[in-house]
Amino acid sequence: MVRAGLVGFGMAGRVFHAPLLSSVAGLELAAVVERNSDQAAARYLGIVTYRSLEHLLNDHSIDLVVVATPSGTHFEVARRILEAGKHAVVDKPTAISSAEVAELMRIAKTSRCLLIPFHNRRWDSDFLTITDLLHEGLTGRVVSFLSTFDRWSPGTARRPWKDRAEEGGGTLLDLGTHLAYQALGLFGKPEAVGAEVLRERGGDGANDSFTMRLHYPGLAVTLASNCLSSLPRPRYHVRGTQGNYWKFGVDPQEAALNQVTRIDAVNWGAEPDTAWGRLRAIRNGELVERPVEPVSGDYRIFYAGVRDAILGKAAPPVEPVEAWRTARLLEWALQSSAEHRDIPCDWDEENVQLGDTGA
């Protein structure tokens, strides 16, 4: 049994990590750091509540510590966990810069501990489905790929730090991390990136809108998000030489996790047929349109992989270098927006910045 401690019980800790840790055999949610309340203990009977990270790190029965604190604190909290000799899962973004991710990788190697970024959206239903669709070539050679994550949030952020760039706030670092990570997983490293990173709601604060264009030979990938979409765009729109695929709506797991403390549903992650994407492609010389039955998403696969990695049975489900590449891509996007030009992606610098971390 791998005993886990959770640092933070805000949305990330309460909605994502606590229910998932409680739903995977071989993992035990044993302790939570909450400075001023006992919400976690009320929801998960038998766990220990610590008032500080230091007290949690002094619990020698804890093997794994999950970081679910505000984004700007991820680096410092993860650093302390790794230096204490414990494995760390860090919610996205792993840190607010690629340099900080590289430093955490160095510390993890020195401490002989695992640093595992929580890139859970690799196990979204729509992403798993689009991965299969591209693998099967159902749209022919893909020439354009659009991935969006739009929201309707015209007011100020409910959590003030989310509106402060220096504390890890902003839509680019929040939702852009998901979209960039998924694009890298599907298509690999782009040659260049162009972007507009904006604040559309007015006033001071972090960015709340972005459009990124990743350049590949013969392929244009557009990633976009904003907070002023009362009518959201398709989550995905794939255009290819043999047809198109489009999908509206987001994976249902986040909304479902908000209602439970552990997963018991046998049909977990399944989408209703009203939410299925549609494919319109050439078949036998004619354009034929049909719904595409999705692959069911399951974030538990991530934590099953964490368990197996800690026990030495498998590689980690997400490697830390993937978080570094994602962070570096977002930094190039910010540079592109500031300089009003496409930025070549110098992936050779990965070897320099990561040094001898073994990535």
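Beyond its neighbours within four places in sequence, Phe248 is in contact (heavy atoms within 4.5 Å) with Pro232, Arg233, Pro234, Arg235 and Ala275. The model is predicted: local features need pLDDT of at least 70 and side-chain atom pairs count only at pLDDT 80 or more, while totals for chains, interfaces and linings use all residues. Residues are numbered from 1 along each chain as its sequence is written, and side-chain values use heavy atoms, with hydrogens and water left out.

Phe248 lies in the loop between E12 and helix H8 (253-257). Helices (H or I, at least four residues) and strands (E, at least two) are DSSP runs, numbered from the N terminus. The relative accessibility of Phe248 is 44%, so Phe248 counts as partly exposed. Residues are classed as buried under 20% relative accessible area, exposed over 50%, and partly exposed in between (1.4 Å probe, protein chains only). Phe248 and Ala275 are 27 residues apart in sequence, and their C-alpha atoms are 7.0 Å apart.

Gly170 counts as buried because its relative accessibility is 8%. Neighbours within four places aside, Gly170 is in contact with Lys162, Ala206 and Asn207. Its C-alpha atom is separated by 5.8 Å from that of Asp208, which is 38 residues away along the chain.

The overall dimensions were computed next. Along the principal axes, the C-alpha atoms fill a box of roughly 65 × 50 × 45 Å. Buried residues make up 52% of the 359. The accessible surface is about 15900 Å², and 50% of this surface belongs to carbon and sulfur atoms. Accessible areas come from the Shrake-Rupley method with a 1.4 Å probe; for residues, only the protein chains shown count as cover. Among contacts with a separation of 6 or more, 70% involve residues 24 or more positions apart.

The chain holds eleven helices and 15 strands. Nine strands form an open sheet with mixed pairing, in the order E14-E13-E12-E11-E7-E10-E9-E8-E15. E14 and strand E15 (343-344) stand at the edges with a single partner strand each, so one side of each has no neighbour in the sheet. Strands are taken as paired if DSSP finds at least two bridges between them. Strands of a sheet pair through backbone hydrogen bonds, either parallel or antiparallel.

E11 illustrates the pairing. E7 and E11 run antiparallel and are joined by five bridges. Here Val142 stands opposite Gly240 of E11. E11 and E12 also run antiparallel, again with five bridges. Gly243 in E12 is the bridge partner of Gly240. A hairpin of two residues connects E11 to E12. The covered face of E11 carries Tyr236, Val238 and Gly240, whereas His237 and Arg239 lie on the uncovered face.

Helix H6 (residues 125-136) has twelve residues. At 1.5 Å a residue, H6 should span 16 Å; its end C-alpha atoms are 17 Å apart, which agrees. The expected span of a helix is 1.5 Å times one less than its number of residues. Ser125, Asp126, Phe127, Thr129, Ile130 and Leu133 of H6 are buried. Just after H6, Gly137 takes a positive phi of about 65 degrees.

Helix H10 (residues 320-339) has 20 residues. From first to last C-alpha, H10 reaches 29 Å, close to the expected 28 Å. H10 is mostly covered, with 14 of its 20 residues buried. His340 follows H10 and has a positive phi, near 55 degrees.

Cysteines were examined last. The whole structure has zero disulfides (pairs of cysteine sulfur atoms within 2.5 Å). Cys113 counts as buried because its relative accessibility is 11%. Cys227 is likewise counted as buried, at 10%.
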